[in-house]
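Dear colleague,

Please find the structure below, handed over for your records. My notes on it follow.

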Amino acid sequence: MTAPQFPLPHASTDLTGQVAFVTGASSGLGHRFARTLAAAGADVVVAARRTDRLEDLAALIRADGGRCAPVALDMTDADAIVAAVDAAEAAFGTVTILLNNAGIPDAQRAHKMSVDLVDRVLDTNLRGPYLLSCEVARRLIAAELPGRMVNISSMGAFDYDGMGAALYSITKAAINRMTEALAMEWSRNHINVNGIAPGAFASEMMEGMMSRIGDFTPSCPASGSVTRRNSTRRCSTCAPRPRSSSPARSSRSTTVNSDADRIGAVYDAVRAVRGRWDRRGIAVTDGPDVVVVGAGFAGMYTLRRCRMLGLRARAFEAGTGVGGTWYWNRYPGARCDVESMEYSYSFDENLQQEWNWSERYAAQPEILSYANHVADRFDLRRDITFGTRVLRAVWDATTATWTVHTDGGEEVVAPYLVMATGCLSSTNTPDIPGLASFAGELHHTGNWPHEAVDFRGKRVGVIGTGSSAVQAIPVIADTAGHLTVFQRTPQYSVPARNRPLEVDEVAATKADYATFRERNRRMPAGFGSRYPRNETSVFDVSEDDARAELQFRWERGGTTFMGAFGDLALDREANEIAASFVREKIAETVTDPEVAARLTPTHVIGCKRLCIDTEYFATFNRDNVTLVDVGTDPIESITPAGVRTGGVEHELDMLILATGFDAMTGTLLRIDIRGRDGATLRDAWAAGPRTYLGLSVAGFPNLFMVSGPGSPSVLTNMIVSIEQHVEWITDCIDHLRRTGRRSIEATPEAQEDWVAHVNSIADKTLYPSCNSWYLGANVPGKTRVFMPLLGFPPYVETCRRVVDNDYEGFTVGV
Ligand code: NA7
C-alpha cells in the first residue's frame with residue numbers, strides 16, 4: 001500500500017456529538033489526547049488500569065467544561081475491552097475507539113526491541129500502556145472489533161502495509177484528529193511560553209515529527225493546505241524554518257526501517273523541534289513537570305519561570321488568593337519593612353515600569369494588589385489550585401517522581417517538587433491555658449480575618465510586641481475603647497518615616513531600574529543600596545560623630561539604622577552604643593518613666609529582627625493604652641473574660657495574638673514529606689533543619705525549597721532572594737531535563753559542610769545571642785539552630801560556583 005499524505009486538519013474542528021473511547025488514558029499521550037478531544041466537544045470515555053489517575057483526568061476534563069466517563073480497563077484483557085466498548089456503545093451510541101499506544105504490528109519484534117523502546121519512551125511516560133497493549137491491540141483490530149477501532153499509536157508508529165483498507169481509512173481519520181488535538185494542546189501550552197504563534201509552533205513541531213517517519217508532511221494549520229515532504233513550498237503563515245538542521249536530522253538517516261527507528265526518530269524529532277523553541281527535552285507526561293506548593297511571591301515566580309522554560313507547573317495554595325504572607329497578614333498597620341521600589345519583582349522590565357507604588361513602604365493592601373496584578377498579568381491563576389493544602393508528598397525512587405496529596409483528596413505525580421511555602425507562614429499560637437475558653441473575639445495577626453475588624457469602643461488585648469504588634473498597636477489604639485498590651489520582651493524599634501513617594505523619585509528609579517536592582521543585589525542583605533552600610537568601626541570615630549551618624553539614620557528611618565557602623569552586629573560594645581541610643585529615644589518619647597522603663601529592651605539591638613514603626617512608643621502615652629509586663633509575671637491563663645496575669649484579670653472584648661510564626665521550618669514540617677526509603681523530613685530535621693544551600697536536603701531528591709533554612713532568606717529583601725532561588729531551581733530542572741538526568745539530591749557531606757558554614761558565620765556575629773525566631777527560640781520545644789545565612793552576594797556566588805562545577809555537592813542521578 002502506498003503511503004498517503006494526510007493533511008493536518010484545521011485546528012477549529014468541532015467534535016460535538018462524537019464519542020471517543022480512549023484507552024491508555026493515563027499515559028502521557030492518551031491523557032492529553034482525551035483532554036483535547038473533550039475540549040473540541042467530544043464526549044470522552046477514558047480507560048486505563050489505574051482509576052485514580054483517571055479520576056484526576058476526568059476532573060480536569062470536567063473543569064474544562066468537557067464531558068467524561070472514566071472506566072477501569074486492563075489492556076491485556078481483550079474480553080474486558082470488548083465488554084467496556086459494548087457498554088460505552090450501549091450508553092452513548094456509536095463510539096470511536098482510540099486505541100492509544102497500541103498496534104505495533106509485530107508484537108514479537110516490539111518486545112525484542114523493548115530495551116531500546118523503553119529507554120526512549122521513559123521520557124514520555126508512555127512505557128506501560130505502549131508495551132502492554134500492542135499485542136492485544138493487534139488481536140482486537142484483527143478480530144474482535146474490526147471497523148470500530150482507531151489506532152492512534154505513538155504518532156506514526158504504524159505499519160500501513162499490514163493494514164486493511166477499512167482500517168486504514170479510519171486510521172487516517174484518527175490521525176487527523178490526533179494531530180489536530182496535539183497541535184491544539186501543544187500550541188496552547190506554548191503560546192504563553194515563548195510568545196510564538198501557536199499555529200507556527202505546532203506546524204513546526206508536526207513537521208519535525210512527521211518528516212521523521214517518512215510518510216507525511218504537515219500543512220500549515222492556518223491554511224489547511226498540504227505539502228509533500230522535502231517540498232520547498234512554505235506556508236506564508238508558518239514560522240521560518242531555522243537554517244541549521246537539528247541534531248536529530250543530521251545524525252539520523254532519513255530512511256526508517258524498523259519500528260524502533262521510527263519511534264525513536266519521532267521522539268528525537270520532537271525533542272529537536274521543541275528544543276529549538278524552549279531548550280527542553282520531550283515531556284509528554286500526563287501530569288505537571290513541577291508541583292509548586294504555595295502561591296506567594298515565590299510560588300508565582302516559580303510558575304512564571306517554569307512556563308518560560310516550557311515546564312508545566314501546577315501550584316497548590318491554601319489561601320483563596322495569591323500573595324502568601326501578604327494574603328494572610330491583613331492586620332491593621334501591616335506594612336513591609338523593605339522599601340516598595342525594592343520590594344517588588346525585577347524579572348520583567350514592563351512589570352516594574354507599569355506598576356506604581358504610592359508610599360515609601362507599601363502597606364499590605366497595596367502589596368496584595370500588586371500580587372494580584374502579577375497573577376493576572378502573567379495569567380498565573382490557571383495553574384493554581386486555591387483553597388487547597390498539600391498534606392503529604394512521597395518520593396518514588398522507581399519512577400523518580402513525587403506523589404503529592406492534598407486536602408482536597410487529589411493526588412498529583414510530578415518529577416519535581418518546589419516548596420514555595422514562605423518563611424513566615426505557620427502562625428505560632430502559644431499554648432496558654434484557657435485560650436480556647438475566651439468568650440470574646442480572638443484573632444492572630446498572621447491569620448487575620450478578611451472582613452473588617454471593628455475595634456471601636458472595645459477593650460482589646462494584644463499579646464506580643466514583635467514587628468506585627470509594633471505596627472498594629474498604634475492603629476488599634478486609635479479607635480479601641482481601651483488597649484492592653486501584654487509584653488514579654490521589650491523591642492527595639494526605629495521610625496519608618498513612611499511617606500508618599502514623589503513622582504520624580506519614582507521616575508528617577510525607573511529611568512534605570514535594572515542598574516538600581518543590580519546595585520541592591522550586591523548589598524549584604526540584597527537591599528538598601530541608597531543607604532549603604534558604613535564599614536567603619538564605631539570606635540574609629542569620635543563619640544559626637546558616632547551619635548551624629550546614628551541620629552542621621554534615625555531621622556532617615558528604616559532598618560538601615562543598623563548599617564550606621566560596620567561592627568554593630570559583631571561587637572557587643574559597639575552594639576551597646578546603638579542600643580543605648582535607641583533606649584534614650586524611648587525615654588525621651590514615653591512620658592511615664594515607669595512605662596518607658598518597661599518598654600526599654602536590654603538585649604543586643606538587631607539580634608531580634610529590628611522593628612520599624614510609626615508612633616509605636618508614643619502610643620503608650622495615650623490614656624486608653626496600658627502596658628502589662630508578662631515577662632516577669634507570665635500569663636497565667638486566659639479566661640472567658642480576658643487575660644489573667646500577676647493575679648489580675650484584664651477583661652477584654654477582643655484578644656489579638658501577635659505571637660509570630662513557627663518560622664522557616666514550620667510549614668515544611670507540617671507537611672508529611674517522605675524522601676528516599678520513606679524517610680521523613682521531620683526525622684531528618686529532628687535536631688534542627690539541615691540543608692545544602694537552603695535549597696535541597698540529602699535524602700530528598702528533586703525537592704527544592706525556595707528560601708529554605710540555610711539560605712539568606714529572611715535576612716534579605718525576600719523578593720531578591722526569591723528571584724535568585726527560583727532562577728537557580730528552574731535552571732537546575734531545565735538542566736536535568738536537557739541532559740536526560742532523572743534526579744538531583746544534596747550529598748550528606750555537602751550538607752554537613754553547609755550547616756557548619758551557616759553556623760560558623762552566625763557565630764561570628766551577635767545574632768545567636770538572644771531568643772529570636774531566627775533561632776527558633778520563640779516556639780517552645782523547637783530545636784535552636786540559627787536558620788538564615790548572613791550575606792547575600794557571597795551566597796549567590798557560591799550557588800553559581802556549584803553550578804559551574806557541575807552541581808558540586810549534589811548527586812545527579814541518571
Ligand atoms: P515575632 O517577632 O516573633 O513577635 C512575637 C511576639 O509575641 C514577641 O513579642 C514574643 O515575645 C511574643 N510572644 C510569643 N509567645 C508569647 C507568649 N506565650 N506569651 C507572651 N508573649 C509571647 O512575630 P511578629 O509577627 O511580630 O513578626 C514576625 C516577623 O514578621 C517580623 O520579624 C518581620 O520579619 C515580619 P518574645 O520576644 O518571644 O518574648
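Where is glutamate 342 found? Glutamate 342 sits in the loop that runs between helix H12 (325-328) and helix H13 (349-354). Please bear in mind that this is a predicted model.

Glutamate 342 is buried, yet it has no salt bridge. The nearest side chain of opposite charge belongs to arginine 530, at 4.5 Å; a salt bridge would require the nitrogen and the carboxyl oxygen to be within 4 Å. The side chain of glutamate 342 does reach the backbone nitrogen of glycine 528, at 2.9 Å. Leaving aside neighbours within four places in sequence, the residues in contact with glutamate 342 include Phe516, Arg517, Asn520, Phe527 and Asn717.

Salt bridges

A search of the whole structure gives 31 salt bridges. In one of them, the side chains of arginine 312 and aspartate 289 meet with an N to O distance of 3.8 Å. Arginine 312 belongs to the loop between helix H11 (297-308) and strand S7 (313-316), and aspartate 289 to the loop between helix H10 (259-278) and strand S6 (290-293), so this pair ties together parts that are 23 residues apart in sequence.

Aspartate 289 also forms a salt bridge with arginine 737, where the closest N and O atoms are 3.4 Å apart. Because arginine 737 lies in helix H24 (residues 718-738) and aspartate 289 in the loop between H10 and S6, the pair connects parts that are 448 residues apart in sequence. Arginine 737 counts as buried at 15% relative accessibility, arginine 312 is buried at 18%, and aspartate 289 is buried with a relative accessible area of 0%.

A further salt bridge joins glutamate 359 and arginine 335, with the closest N and O atoms 3.1 Å apart. Here glutamate 359 lies in the loop between H13 and helix H14 (364-377), and arginine 335 in the loop between H12 and H13, 24 residues apart. Arginine 335 is partly exposed, with a relative accessible area of 24%. Through shared partners, salt bridges join Asp289, Arg312 and Arg737 into one network.

The ligand

Which residues come nearest to the ligand? Of the 17 residues around it, these are Thr465, Ser468, Arg488, Thr489 and Lys608. A polar side-chain atom of serine 468 is 2.5 Å from an oxygen atom of the ligand. An N or O atom in the side chain of lysine 608 lies 2.6 Å from a ligand oxygen, and for the side chain of arginine 488 the distance is 2.8 Å. Taken alone the ligand exposes 770 Å², of which the protein buries 87%.

With kind regards

Conventions
Residues numbered from 1 in each chain as written. Predicted model: local features only at pLDDT ≥ 70, side-chain atom pairs only at ≥ 80, totals over all residues. Heavy atoms only, no water. Helix = DSSP H or I, 4+ residues; strand = E, 2+ residues; numbered from the N terminus. Buried < 20%, exposed > 50% of the residue type's maximum accessible area, 1.4 Å probe, protein only. Lys, Arg positive; Asp, Glu negative; His and termini not counted. Polar contact = N/O pair within 3.5 Å; in protein donor to acceptor, adjacent residues only side chain to side chain. Contact = heavy atoms within 4.5 Å. Near = heavy atom within 4 Å. Areas by Shrake-Rupley, 256 points an atom, 1.4 Å probe, with all protein chains shown as cover.
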